[in-house]
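Visitor: Before we look at any detail, could you show me the model and tell me on what terms its features are named?

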Amino acid sequence: MARATDLAPRLDGLVRLVAAEFVAEVCSVYVMRPGEILELVATEGLRPEAVHRTRLRVGEGIVGTAAAEARPLNLPDAQNHPAFAYRPETGEEPFASMLAVPVLRGAEVLGVIAVQNRAPRRYAEDEVEALETVGMLLAEMLHGARSASAEVALSLPGSMARHFEGVGLTPGIVMGPVLRHGRRAAPRAVLAEDPEAELRRLTAATEAMQRAVDALLEGPARAAGQEPREVLEAYRLIAADQGWLGRIAAVVRDGLTAEAAVERVLAELRARMRQVADPYLRERLADIEDLAGRLIDHLGGTAPEPAQGEGFILIARRVGPAELLDYHARGLAGLVLEEGSPTAHATIIARALAVPLLAGCRGATDSAVPGEHAVLDADEGRLVLRPDAEIVAGYTAALAARAARRATEAGYRDVEPRTRDGVRLTVMINAGLLMDLPQLAETGADGIGLFRTEIAWLARGGLPELETEEALYRDVLAAAGDKPVIFRTIDLGGDKLLPGFSHAEEENPALGWRSLRIGLDRPAMLRRQLRAMLAAAAGRRLLVMFPMVTTVEELRAAKSLLEAERRAAERRGAAPAEVRAGAMLEVPALVWQLPALLEEAAFLSIGSNDLTQFLFAADRGNPRLAGRYDFLSAPVLDLLEQVGAAAAAAGVPVGLCGEAAARPLEALAVFGVGIDQVSVPAAAVPAVKAMVRSLDLAAFRTFLANLRRSARGGASLRADIAAYARDHGIATE
Ligand code: PEP
Ligand code: MG
């Protein structure tokens, strides 16, 4: 069975052999690529430059037709055949006849093999059979190569477009040339002749590396906001850490060159880390890998690469925070990682720099060719290497439309979300980092409806100091001015694991020890956070919200902790003027406790992400379930209406937060069932406001009530609501 790496020369050998055996001037092999495209990968007789350039869609040309119909085409006068597609780069004008045979493995077409002759001739029956036999052999070769290395493309780099799916961790779309992030060459010498001299070289390089890191962190890190700064400070400490640096020195003393010692210590660390599940420690390894690379650069006397030019997309297995700052200074426009997670240091920095980031693109580094073009769509979770013209045209148009829309949306900043029939609705933003705060003014939103306090903890990689936390909340309140801010107490657990905090392995973390459950089991921790909030809001109004409340008793317990801290603050003479405690409605069980809940809660906020996941028993992070159940269906809308009506009757304000109302159509339905307040990601505010401004709410409510009455089971009502919006000029696009 062919190994992937051997494939290209073997194909070259094959086409030469077949051309000779068939006495044909041309023999070519085309391989099926993703997207049903046949790419010329080997030829005897056509121009070599056409290899990896000539591509045909299935059904296009003689080759494409043979693939589409999965049968041989035997044509004495191929160029006058109606399906013939002329490809000038191949230089195939002189060849009149052609025999194209599909390469089949079972029912799957893996490619096409074709022979061509100058003279017009019909190939004999036994020639067709012989080429079909070659096709069978070729099928085994291609299949073997594919399973050996996942993708034939690995062994056949070329001009074909390649598509990758990933998770967008920072939104945005960019197009530009690709830059591949480092694979270090193996050190040239492993054994040192003079260990003492080698130690001096190591010391000098270490100091140079530390100075360069200091200089780097002075610049963009200062401007990037609090969380990235903390990440970078931690990085600086590792750059000076005697643990791993001392181990390198010890290995040099044993006789290795400094470069080889760095690699050896890294290998040891990697081996140890493989057994460690803690994300915090794994991030430390990423930092050390980053610093080790710098150290090797300095040992070789090479500063990091010079400027690359504007607007490139960096593709890497993983990248360290300082490296990312380096690349940013050199014109980084987008980032693609094979690894990466929402809380990785690189992610936090990318977010601070507003660089679109797509993570989880396995195989992208190997497929990327530096300098070639790529489209990075972090909004849709997609990377296209070597995009063809249609994709580029599509994205160019989409980006232009988006820019135009942004310009229009900026016009919504000073516009109130008031419906055409005069109802003033409330549109707030979700936030979690200091750098989110300017968006409040930029969008003209009504306040912060959800401040996710755990994000700063996660970014920091641990529990913050009381003063740090208080300062953050103070900054948030200052930025909000008169507008309300709803602080949510820490919501850890589930997918939000705090490094260093002992989260036991759980079978179902989303249903596990998380959120308020942790807070009530670790009351000292929750009280400390409440203390920071109370202190930050001294003299003002404080809105505190508890997440994942499952029973009213839990809310009571949380409120009593808050009250104890409030009294303590009062004794210190620094209590807020008013403290209001609300509950998130994320667990369906609360719906059956509404009367008691509405007596305890000063306000309610429906957490649309978790509520939907629990309602449908469908993991919110599982892409396979993403389109399966619709928020716009009777089970969700009936529940929202019930909660909204009960809260209104009790005089308790209720809003909806999370991501659901970020789409104008969903926001429309939420308002339609009587919830008057939403909190959405800031980017969604202009579109939601635009929708509200074009809405006759009373008329829509009547329509929606009728529609829900006629709904059957849990079927999606999306198409009907969208049609109504279209027919009534409601802006939901
Ligand atoms: C939600 O579940 O809708 C919510 C706002 O909380 P989270 O931070 O879990 O998304
Ligand atoms: Mg939630």
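Guide: A cavity is a set of points, on a 1 Å grid over the protein atoms alone, where a 1.4 Å probe fits but cannot get out, and its lining residues are those with an atom within 4 Å of a point. The model is predicted, so that local features need pLDDT of at least 70 and side-chain atom pairs count only at pLDDT 80 or more, whereas totals for chains, interfaces and linings use all residues. Residues are numbered from 1 along each chain as its sequence is written, chains are lettered from A and ligands numbered from 1 in the order in which they are written, and side-chain values use heavy atoms, without hydrogens and water.

Visitor: How many cavities of 30 Å³ or more does the structure hold, and which residues line the largest cavity?

Guide: The structure holds three cavities of 30 Å³ or more, and the largest cavity contains about 90 Å³ of space, where a volume is the space filled by probe spheres set on the points, with grid points joined across faces, edges and corners. Its lining is made up of Y30, T54, L56, G61, I62, V63, F84, A85, R87, E92 and M98. Helix 2, residues 61–69, gives the largest share of that lining, three residues.

Visitor: What makes the lining residues of the largest cavity nonpolar, polar or charged, and how many are there of each?

Guide: Ala, Val, Leu, Ile, Met, Phe, Trp, Tyr, Cys and Pro count as nonpolar, Asp, Glu, Lys and Arg as charged, and the others, Gly among them, as polar. On that scheme the lining of the largest cavity divides into seven nonpolar, two polar and two charged residues.

Visitor: Why is T257 called buried, and where does T257 lie?

Guide: Buried means under 20% relative accessible area, exposed over 50%, and partly exposed in between, with a 1.4 Å probe and protein chains only. T257 has 5% relative accessibility, which is under the limit, and therefore counts as buried. T257 is found in the loop between helix 7 (242–253) and helix 8 (258–273). Beyond its neighbours within four places in sequence, T257 is in contact (heavy atoms within 4.5 Å) with A189, V190, L191, A192, E198 and V252.

Visitor: Is E380 buried or exposed, and what is the reason?

Guide: E380 has a relative accessible area of 55%, which is over the 50% limit, so E380 is called exposed. E380 sits in the loop between strand 13 and strand 14, and in the hairpin of these two strands, with four residues between them, G381 takes a positive phi near 70°.

Visitor: What makes strand 13 largely enclosed by the rest of the structure?

Guide: Strand 13 covers residues 373–377, and four of these five residues are buried, so strand 13 is largely enclosed by the rest of the structure. Helices (H or I, at least four residues) and strands (E, at least two) are DSSP runs, numbered from the N terminus.

Visitor: How do you know which strands pair with strand 13?

Guide: Two strands pair if DSSP finds at least two bridges between them. Strand 9 (residues 173–180) pairs with strand 13 in the antiparallel sense over five bridges, with G176 opposite A374. Strand 14 (residues 382–385) is joined to strand 13 by four bridges, again antiparallel, and here L376 stands opposite L383.

Visitor: Which sheet do these strands belong to, and what makes a strand an edge strand there?

Guide: Eight strands form an open sheet in the order 7-14-13-9-10-11-12-8, with mixed pairing. Strand 7 (162–165) and strand 8 (167–170) are the edge strands, as each pairs on one side only. Neighbouring strands of this sheet are turned by 30° against each other on average, direction ignored, axes being lines fitted to C-alpha atoms (for helices over the stretch in contact) and angles running from 0 to 180 degrees between N-to-C directions. Helix 10 (residues 321–329) lies across strand 9, strand 10 (312–316) and strand 11 (332–337), at about 145° to strand 11, while helix 11 (residues 345–353) lies across strand 8, strand 11 and strand 12 (357–359), at about 60° to strand 8.

Visitor: What is the strand order of the open sheet of six strands, and why is one side of strand 3 and of strand 4 left without a neighbour?

Guide: The order is 3-2-1-6-5-4, with antiparallel pairing. Strand 3 (55–57) and strand 4 (73–75) stand at the edges with a single partner strand each, so one side of each has no neighbour in the sheet. Within this sheet, strand 1 (residues 26–33) and strand 6 (residues 108–117) run antiparallel and are joined by six bridges, V31 having G111 as its bridge partner. Helix 1 (residues 7–22) packs on the sheet, touching strand 1, strand 2 (37–44) and strand 6, and its direction makes about 65° with that of strand 2.

Notes
On a 1 Å grid over the protein atoms alone, a cavity is a set of points where a 1.4 Å probe fits but cannot get out, and a pocket is an open set with protein on both sides within 12 Å along at least five of seven lines; lining residues have an atom within 4 Å of a point.
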